[in-house]
Structures are given as C-alpha cells and as structure tokens.
Amino acid sequence: MVFSIPLAVSMWALLDAARRPEWAFSFANRSRTGWVVANGFGILFCGVGVVVAVYYLLRVRPQIAAIEGGHVD
C-alpha cells in the first residue's frame, strides 16, 4: 500500500492540472499542456514523478487556483 502513494500523488497532480482552465495557466505564464505531460511521465517514472507532482501541487497549483478564483497580483 505504501508503494501506491507516489502513484496516487502523481495522478492527483495530473488530474488537477488537466481540469484547470488553459487561460489560468496562460495568465500565470505557464503551460497546462507541459504540466499535464510532465505529470503523465511522472506516473511512469515514480522517483522523478513524485518530485514533479509535489512541486506542481505546492508551487504551481496555488498560483493557478488563485488566478482561477480571481486573485490576481
């Protein structure tokens, strides 16, 4: 069960990036396609994938969610 945690984190990041609107990523000067692909490859390569997924979830996702919610700095 412990070995499924990296897969679950990578899937969470992949699905979150896929469901966010493209315009929010564009407004943050980021690429939604790039993050979806990076997290997709992260599922295949667990070691690197966890790092990519955690970076997305802790750094990129809050920015995108804030923009999507109307909080633009």
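Asn39 is buried, with a relative accessible area of 1%; buried stands for under 20% relative accessible area, exposed for over 50%, and partly exposed for what lies in between, with a 1.4 Å probe and protein chains only. The model is predicted, so local features need pLDDT of at least 70 and side-chain atom pairs count only at pLDDT 80 or more, while totals for chains, interfaces and linings use all residues. Residues are numbered from 1 along each chain as its sequence is written, and side-chain values use heavy atoms, with hydrogens and water left out.

Asn39 is placed in helix 3; helices (H or I, at least four residues) and strands (E, at least two) are DSSP runs, numbered from the N terminus. A polar atom of the Asn39 side chain lies 2.9 Å from the backbone oxygen of Trp35. Beyond the neighbours within four places in sequence, Asn39 is in contact (heavy atoms within 4.5 Å) with Ser10, Ala13, Leu14, Ala17, Val52, Ala53 and Tyr56.

A pair of aromatic rings is described by the distance of the centres and the angle of the planes. Rings of Phe, Tyr and Trp (its six-membered ring) pair if their centres lie within 6.5 Å; planes under 30 degrees apart are stacked, those over 60 edge-to-face, and the rest tilted. Two aromatic pairs are counted by this rule. One of them is the stacked pair of Trp35 and Tyr55, at 6.0 Å centre to centre and with 20 degrees between the planes. Trp35 belongs to helix 3 (residues 32-44) and Tyr55 to helix 4 (residues 46-68), so this pair ties together parts 20 residues apart in sequence. Trp35 counts as buried at 15% relative accessibility, whereas Tyr55, at 43%, counts as partly exposed.

Trp35 also pairs with Tyr56: the ring centres are 5.6 Å apart and the planes stand at 45 degrees, so the pair is tilted. Here too distant parts of the chain are linked, with Trp35 in helix 3 and Tyr56 in helix 4, 21 residues apart. Tyr56 is buried, its relative accessible area being 0%. Together, Trp35, Tyr55 and Tyr56 form one aromatic cluster.

Asp16, in helix 1 (residues 5-19), is buried with a relative accessible area of 4%. Not counting residues up to four places away in sequence, Asp16 touches Tyr56 and Arg61. The C-alpha atoms of Asp16 and Arg61 are separated by 8.1 Å, although the two residues are 45 apart along the chain.

What of the surface? Val37, Phe41, Leu44, Phe45 and Val48 make a nonpolar surface patch of about 530 Å². Areas come from the Shrake-Rupley method with a 1.4 Å probe, and for residues only the protein chains shown count as cover. Patch residues have over 30% relative accessible area and no salt bridge; like charges are joined within 9 Å, and nonpolar side chains (Val, Leu, Ile, Met, Phe, Trp, Tyr) within 5 Å. A salt bridge is a side-chain nitrogen of Lys or Arg within 4 Å of a carboxyl oxygen of Asp or Glu. Helix 3 gives the most to the patch, with three residues. Phe41 lies in helix 3 and, at 48% relative accessibility, counts as partly exposed.

Note on methods. A polar contact is a pair of N or O atoms within 3.5 Å; within protein, one must be able to donate a hydrogen and the other to accept it, and residues adjacent in sequence count only if both atoms are side-chain atoms.
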